[in-house]
Amino acid sequence: MRPQSEILAVELVDGNKMAYYTRAGRETHPFSPWLLVEAPEECDRAGLAGVRKISHLKGGGQFRFLVHFHSWSDFLDARGRLSADGIVHFDFNNPVKQHLMLSGNTLYRGLRYNDAHRLQLDIETTGLNPEARDARIILVALSDNRNYEEVLGAGGMTEVAILEALNHRIRSRDPDIIEGHNIFDFDLNYIQARARALNVSLPWGRDGSELKAGNGMRRYRVGARSPTFRPAYIHGRHIIDTLHQVQRYDIGGRLESYGLKNAVRSLGLERGDRVFIEGADIRKTWRDDPGRVADYALDDVRDVRALSEMVATTEFYQTQVLPYRLQDAAIAGPGEKINALMIGAYLRRGLAVPRPQHSEPFGGGYTELFASGVFNRVVKADVESLYPSIMLNYGIRPVSDTENVFLPMLRRLTGRRLEAKASLKEADTDADRSYWDGLQGSYKLLINSFYGYLAYGRANFNDYKAAAPVTSLGQQIARKVVTLLRERSARLIEADTDGVYFVVPPGIRSECEEHDFIEALSRELPEGIRLSHDGRFRGMISLKAKNYVLADYGGRLIVKGSSLRSRRDERVFREFVRKLAPLLINRQSDAAAALYAEFADRLGAGQFDQTDICRRETVTEKTFSNPNLRRLAAAAEGCKAGDRITVYQRNDGSLARIENYDNDEDRGYLLRRLHDMAGRFRGLFGDIEFDRFFPLRKQSAGKQLSLF
């Protein structure tokens with residue numbers, strides 16, 4: 001099949017066809033589901049039915065036979081039989097991925113992000129539980145990137161009328177993508193539950209089919225984590241959850257919360273006239289001032305639209321390269337994506353696919369702390385795409401890649417990224433800059449995944465022995481950069497495989513001179529390895545390896561490292577660190593002491609909001625089985641694994657949910673925690689000086705009890 005452009009969606013129909021949705025309408029193509037086996041007689045041994053044909057694949061891979069089936073049900077039956085008989089095989093349990101992989105087609109090819117029709121959705125309800133007796137959807141706010149905005153329900157509509165109007169809007173607006181913040185676990189789940197209760201159908205699919213909830217839970221990749229969510233599917237459309245996307249976007253872990261308001265604020269997208277209503281006040285405000293709730297809901301969908309344009313473009317442009325639906329690309333891990341590219345390339349050439357190798361140990365990256373303390377005029381130099389550059393420069397590829405697909409694929413993606421970066425520099429409109437930046441960013445993430453793919457346990461072309469020299473050469477290059485900086489009188493602070501922080505040498509004053517300095521260093525590195533200027537900072541606090549605070553020249557603060565920030569820390573202490581760090585960078589010790597005293601006074605007097613003294617916890621199976629988590633288990637009574645709760649410590653030492661707050665927080669505990677947070681900066685002071693500036697405050701039992 002010749003690759004097509006501007007495909008909006010691909011869906012399985014009738015078990016053996018694929019429906020292509022484009023702006024011109026719908027067309028169908030034949031589809032024969034497939035899987036891979038090592039020998040054709042295994043099909044007979046398992047008693048497979050519905051086999052359409054078996055193709056012999058060339059090359060040295062173990063999976064040498066491509067088995068095609070008449071229908072998707074035949075494939076599912078065969079997959080189950082092979083698994084039950086313990087017969088080794090390989091398959092993708094996703095018909096769209098199977099089809100795109102063999103056809104070479106991808107979605108959205110030739111389109112920019114805003115060419116796709118994106119509709120944002122947000123609901124306002126009487127509570128969080130759709131099964132509650134008084135549960136009700138009171139508003140649905142909608143917007144799209146075609147200048148449409150509307151609130152359904154503001155005119156006193158019944159809940160049934162709201163749902164039916166929502167059905168009509170989705171059919172008439174006909175979006176390619178439906179977006180929302182926490183849309184899977186809240187909005188769609190709530191809408192489905194209320195529709196069931198009211199006996200209202202939800203025919204949102206492009207073929208008139210219903211919105212479908214997936215079975216069980218699915219996972220999405222966020223770095224090394226795999227959080228769960230409740231999946232949902234709409235025929236011919238994609239669902240994007242900006243809650244997931246902002247977590248994947250926040251690679252450096254800069255955001256303290258992924259809630260919509262905080263994410264928008266932290267990423268500089270907040271509008272000055274935005275309406276705010278606390279969740280607990282929605283119901284009362286709806287009763288007293290429904291127009292304000294409508295304005296608030298509209299601001300939510302506007303925020304989702306703006307957030308999506310920052311955090312979801314990478315997956316959109318990756319979908320133009322990968323055999324994935326956008327909705328699947330938005331949750332898949334990088335190793336899975338490279339594996340799909342490799343297998344697709346092999347199968348389209350009629351080549352056999354290898355089994356994954358068993359894991360082997362190999363060396364890690366390079367990290368070294370040269371100095372701790374407070375530093376000014378700091379620059380970060382970074383080796384651009386170090387590991388991919390090493391693999392290309394030294395010809396390192398998986399030994400099982402006998403047909404040499406891996407490196408040419410990496411080279412093509414690298415070339416495309418360089419072309420996109422060059423176009424970004426020449427772009428003269430915001431739309432062009434957004435397009436080229438999104439495109440180069442999508443290629444960058446794929447390129448940087450090629451090294452990790454070598455050590456990905458489920459990768460068919462993994463190669464742990466090939467990964468080892470990449471890390472070894474990376475260490476050598478990183479140390480070479482350190483030596484070059486030292487020879488030029490730069491003061492080294494910290495280095496790792498990702499780059500090096502240093503105080504610029506005397507005589508270098510401007511940003512332009514910093515770039516020239518790093519460019520000169522880059523010329524000393526091996527051919528194909530490029531050092532770049534990756535940031536300049538007014539000040540830096542370095543405490544230990546990978547634990548530091550950076551303050552740029554625009555006043556933005558970056559806090560890095562588990563000793564300085566954790567989402568499990570109460571908000572008040574994260575706020576304390578954010579306010580304390582700039583004072584320490586400016587060497588304002590007296591002001592730092594005054595800030596500490598202010599926080600201690602307010603904690604001791606109970607003057608912080610209850611949300612400031614709580615922390616978020618995720619309920620897991622261990623919550624109820626680990627004896628060390630008894631306090632959390634008591635607070636989580638009635639919850640299930642995957643639920644997230646907000647807790648605080650009571651003055652009797654127990655943990656309680658924020659919903660049960662009764663001015664009974666343990667202020668002595670909070671004062672100790674404040675002292676501990678300040679203590680993370682102890683190394684910047686002598687012990688006597690630190691104790692003078694940050695003395696441990698103790699809460700009087702009598703003072704605490706007098707509040708009741």
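**Close-up views of a predicted model**

**View 1. Strand β19 and its pairing partners.** Five bridges connect β19 with strand β20 (residues 499–503), and the two strands run antiparallel. This and the following views show a predicted model. Two residues separate β19 from β20 in the hairpin that they form. Within this pairing, Glu494 has Tyr501 of β20 as its bridge partner. Strand β17 (residues 367–369) is also antiparallel to β19 and is joined to it by three bridges. There, Leu369 has Glu494 of β19 as its bridge partner. Strand β19 (residues 491–496) is largely enclosed by the rest of the structure, because five of its six residues are buried.

**View 2. The largest nonpolar core.** This core comprises 107 residues, of which Leu36, Tyr108, Met342, Ile390, Met391, Leu485 and Phe502 touch the most other members. Helix α17 (residues 464–487) makes the greatest contribution, with ten residues. Leaving aside residues up to four places away in sequence, Leu485 touches Ala490, Leu492, Val500, Phe502, Phe517 and Leu521. A second core of 41 residues is separate, and its members include Leu543, Ala678, Phe693 and Phe694.

**View 3. The aromatic pair Tyr387 and Tyr451.** The structure contains 30 aromatic pairs. In the pair of Tyr387 and Tyr451, the ring centres are 4.2 Å apart and the planes stand at 50°, so the pair is classed as tilted. Tyr387 belongs to helix α13 (residues 386–394) and Tyr451 to helix α16 (residues 449–454); the pair therefore ties together parts that lie 64 residues apart in sequence. Tyr387 has a relative accessibility of 14% and counts as buried, because the cut-off for that class is under 20%. Tyr451, with a relative accessible area of 13%, is buried as well.

View 4. Phe576, Tyr596, Phe599, Phe608, Phe685, Phe690, Phe693 and Phe694 are linked into a cluster by ring pairs. Phe693 and Phe694 are also among the members of the second core, which has 41 residues. Over the face of Phe693 lies Arg692, at 4.5 Å from the ring centre.

**View 5. Arg536 and the ring of Tyr553.** The charged end of Arg536 is placed over the ring of Tyr553, and its distance from the ring centre is 4.4 Å.

Note on methods:
Residues numbered from 1 in each chain as written. Predicted model: local features only at pLDDT ≥ 70, side-chain atom pairs only at ≥ 80, totals over all residues. Heavy atoms only, no water. Core = buried A, V, L, I, M, F, W, Y, C linked by side-chain atoms within 4.5 Å. Buried < 20%, exposed > 50% of the residue type's maximum accessible area, 1.4 Å probe, protein only. Helix = DSSP H or I, 4+ residues; strand = E, 2+ residues; numbered from the N terminus. Contact = heavy atoms within 4.5 Å. Phe/Tyr/Trp six-rings, centres within 6.5 Å; stacked < 30°, edge-to-face > 60°. Lys NZ or Arg CZ within 6 Å of the ring centre and 35° of its normal. Pairing = 2+ DSSP bridges.
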